[in-house]
Amino acid sequence: MKAFVALCLIAAAACSPVEYGGHEYGGHELEAAQLYQPAPAHFIHAAPAHKVIAEPVAYPKYHFNYGVKDGHTGDIKEQSEERDGDVVKGEYSLVEPDGTVRKVEYTADDHNGFNAVVSKSGHAVHPAQHAKIAVPIESHGYYHH
């Protein structure tokens, strides 16, 4: 209730001088402490009710395709999706760092929720490991006492 009173006071103070507690104040003269004090009963007025009119919502329907094929970085991926109302269907695929291809086919609707089928194809290729050589580190006699 205090917040509502404060908002009413701020709105009224911005428009015209306000009588509060027997004194007349302009819009900028009300102090913060006074905004949170209870106002006299004759000053509190409820804001008029406004009728809310809902805007019509467009029917959700779309289709898109997307793809990247960058041979330099190895970033290769594709996606396509379509929506008709509350039903979404799509798929995407990408080349994993090991060279395999991951493909995901998915659907979503109000009755079944989100469902996805993931598959992987190709053979993983891992680069050969290089032998690690231990290198001694020389100390030049830096001492801290």
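Let's start with Glu96 and Arg102. Their side chains form a salt bridge, and the closest N and O atoms are 2.7 Å apart. This is a predicted model, so every value I give is computed from it. Now, is Glu96 buried or exposed? Glu96 has a relative accessible area of 17%. The cut-off for buried is under 20%, so Glu96 counts as buried.

How many salt bridges does the count come to? The count is 4. I'll show two others. Asp75 and Lys77 meet through their side chains, at 3.5 Å from N to O. Asp75 is partly exposed, at 31% relative accessibility. Lys77 is partly exposed as well, at 30%.

Next, Arg83 and Asp86. Their side chains meet in a salt bridge too, at 3.7 Å from N to O. Arg83 is partly exposed at 26%. Asp86 is partly exposed at 45%.

Now step back to the whole chain. It has 2 helices and 7 strands. What order do the elements run in from the N terminus? The order is α-β-β-α-β-β-β-β-β. Of the 145 residues in the chain, 17% are buried. The accessible surface comes to about 12500 Å². Carbon and sulfur atoms hold 58% of that surface. One point on contacts. Take those between residues at least 6 apart in sequence: 21% of them join residues at least 24 apart.

Let's follow some strands. Strand E3 covers residues 61-70. Strand E4 covers residues 75-84. How do E3 and E4 pair? They pair in the antiparallel sense, over 10 bridges. Look across that pairing and you find Phe64 opposite Glu81 in E4. The hairpin of E3 and E4 has 4 residues between the strands.

On to the next hairpin. E4 also joins strand E5, residues 87-95. The two run antiparallel, with 8 bridges between them. Which residue of E5 stands opposite Glu78? That residue is Ser93. The hairpin of E4 and E5 has 2 residues between the strands. Here Gly85 takes a positive phi, near 70°.

Last topic: the aromatics. The count comes to 2 aromatic pairs. One of them is Tyr62 with Phe64, and this pair is stacked. The centres are 6.2 Å apart, with 25° between the planes. Why does that count as stacked? Stacked needs planes under 30 degrees apart, so 25° qualifies.

Where is Tyr62? Tyr62 is found in strand E3.

Tyr62, Phe64 and Tyr66 make a nonpolar surface patch of about 290 Å². Tyr62 is partly exposed, with a relative accessible area of 35%. Phe64 is partly exposed at 31%. A residue needs over 30% to be part of a patch, so Phe64 passes that cut-off with its 31%.

So, back to the model on screen. Find Glu96 and Arg102, the salt bridge we began with. Then find the stacked pair, Tyr62 and Phe64.

Technical notes
Residues are numbered from 1 along each chain as its sequence is written. This is a predicted model: local features need pLDDT of at least 70, side-chain atom pairs count only at pLDDT 80 or more; totals for chains, interfaces and linings use all residues. Side-chain values use heavy atoms; hydrogens and water are left out. Buried means under 20% relative accessible area, exposed over 50%, partly exposed in between (1.4 Å probe, protein chains only). Rings of Phe, Tyr and Trp (its six-membered ring) pair if their centres lie within 6.5 Å; planes under 30 degrees apart count as stacked, over 60 as edge-to-face and the rest as tilted. Contact means heavy atoms within 4.5 Å. Accessible areas come from the Shrake-Rupley method with a 1.4 Å probe; for residues, only the protein chains shown count as cover. Patches are made of residues with over 30% relative accessible area and no salt bridge: like charges are joined within 9 Å, nonpolar side chains (Val, Leu, Ile, Met, Phe, Trp, Tyr) within 5 Å. Two strands pair if DSSP finds at least two bridges between them.
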